[in-house]
Amino acid sequence: MNESLTPEQIAALVEAAKQGELQDEAPAQAQRRSPRLRTVNFARPTKFTSDQERRLSRSLESFCRTASTRLSAELRVPIELEVIASTQLTFSTAQSQLPANSVCAVLEVSPIDTRLLMSAELSFVLCALEALLGAAPDHAPKDRRLTEIDWALSRRLFGTMLSQLSLIWHDVADVELGLGALEGSTENAQIAPFSEPTLSLTIEARIARTSSTLSLLVPYCAIAPVAAAFSQRDGAGASGSDDAAEAVDAALRGVEITMRAEVADRHMTVEEVLALEPGDVIRLDGQAAGGITLFADQVPVHRARPGRNGLKRAAQVLGPVEEGR
């Protein structure tokens, strides 16, 4: 049965709701909790672990630093590369989000025989080609179709960038990257199944006043054979740390440093130094019996006794310098 409420009754119900005094008339045993629903977005897989995603992102950041220097020197214009985004998608979704006017390069991973995809907006490619040919890219070039000469120069451009990325991947996972086919359309660069989980890494490239993007698509199947190398936390692995420490130690042992012997010292004012004349005696702040101090650059390392070896001055090491002296 329907019953209309007066404005006073409605106001009373609202006030009771504010005070939390409303009671459900339905019996307690009749109340049932609705099933919990979980929203699943199949377009954003989570196949890559956080360690793998972090390590791949950092390897690309290292690539940006080295490639920026290499490209700036080769093209003779300042170029800045910076990682700006990282997300997991299916390969078809990641591929569809690439700019339509992109030049795509298939990267072949050896010896595991898998493939990655690197793309660059046409504006970046054209700016780089103009700089390579001696022009000053002060403004964004007009879009145009690439000629056969342009494709040959583009292959050199991608090869230059790939050489830097290959060095980093070789250090991380002991694999090498080679340049495969160049495609002028993103649809033609099919390197993985449509539903394959893929890490999409986006780089902003700035040449003079032109800003464009580069992308690296890493299907999980492309790193699956070496996934353990990308799963290690930074600095993990005792053997790697020991090898690195030995390499650093070996490199430092070959560094040349200046060894000098100091009898003693004394602080003097500029006026006192200017007043020195031949025959003056300067009293040093040190005991004659204490010998001399041997310094490695600016660090005192040993106490020594002065002497000579044949026709040359020499110092005989007595022991390490005591702390506080």
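Select Val 263, which counts as exposed at 57% relative accessibility (exposed means over 50% relative accessible area, buried under 20% and partly exposed in between, with a 1.4 Å probe and protein chains only). Before you go on, note that this is a predicted model: local features need pLDDT of at least 70, side-chain atom pairs count only at pLDDT 80 or more, and totals for chains, interfaces and linings use all residues. Residues are numbered from 1 along each chain as its sequence is written, and side-chain values use heavy atoms, with hydrogens and water left out.

Val 263 is in the loop between strand E7 (259-262) and helix H9 (270-274). Helices (H or I, at least four residues) and strands (E, at least two) are DSSP runs, numbered from the N terminus.

**Rings and charges**

Next, pick Arg 260 and Phe 295. The charged end of Arg 260 sits over the ring of Phe 295, 4.4 Å from its centre (NZ of Lys or CZ of Arg within 6 Å of the ring centre and within 35 degrees of the ring normal).

The structure holds two aromatic pairs, and one of them joins Phe 48 and Tyr 220 edge-to-face, at 5.3 Å centre to centre with 80° between the planes. Rings of Phe, Tyr and Trp (its six-membered ring) pair if their centres lie within 6.5 Å; planes under 30 degrees apart count as stacked, over 60 as edge-to-face and the rest as tilted. Phe 48 is in the loop between helix H1 (7-19) and helix H2 (50-75), and Tyr 220 in helix H6 (residues 220-223), so the pair ties together parts 172 residues apart in sequence. Both Phe 48 and Tyr 220 are buried. The charged end of Lys 47 sits over the ring of Tyr 220, 5.2 Å from its centre.

**Inside helix H4**

Select residues 122-132, helix H4: 10 of its 11 residues are buried, so the helix is largely enclosed by the rest of the structure. The cover over its buried residues includes H2, E2, E3, H5, strand E5 (197-207) and strand E6 (210-219). Just after H4, Gly 134 takes a positive phi of about 100°.

**Backbone stops**

Most residues other than glycine have a negative phi, and most peptide bonds are trans. Go to Ser 110 and Pro 111, which are joined by a cis peptide bond with omega about 10°. Pro 111 lies in the loop between strand E2 (102-110) and strand E3 (114-121), where Asp 113 is also found. Asp 113 has a positive phi, near 60°, and is exposed with a relative accessible area of 70%.

Finish at Gln 95 in helix H3 (residues 91-96), which is buried at 8% relative accessibility. Leaving aside neighbours within four places in sequence, Gln 95 is in contact with Thr 186, Glu 187, Ala 189, Gln 190 and Leu 217 (contact means heavy atoms within 4.5 Å).
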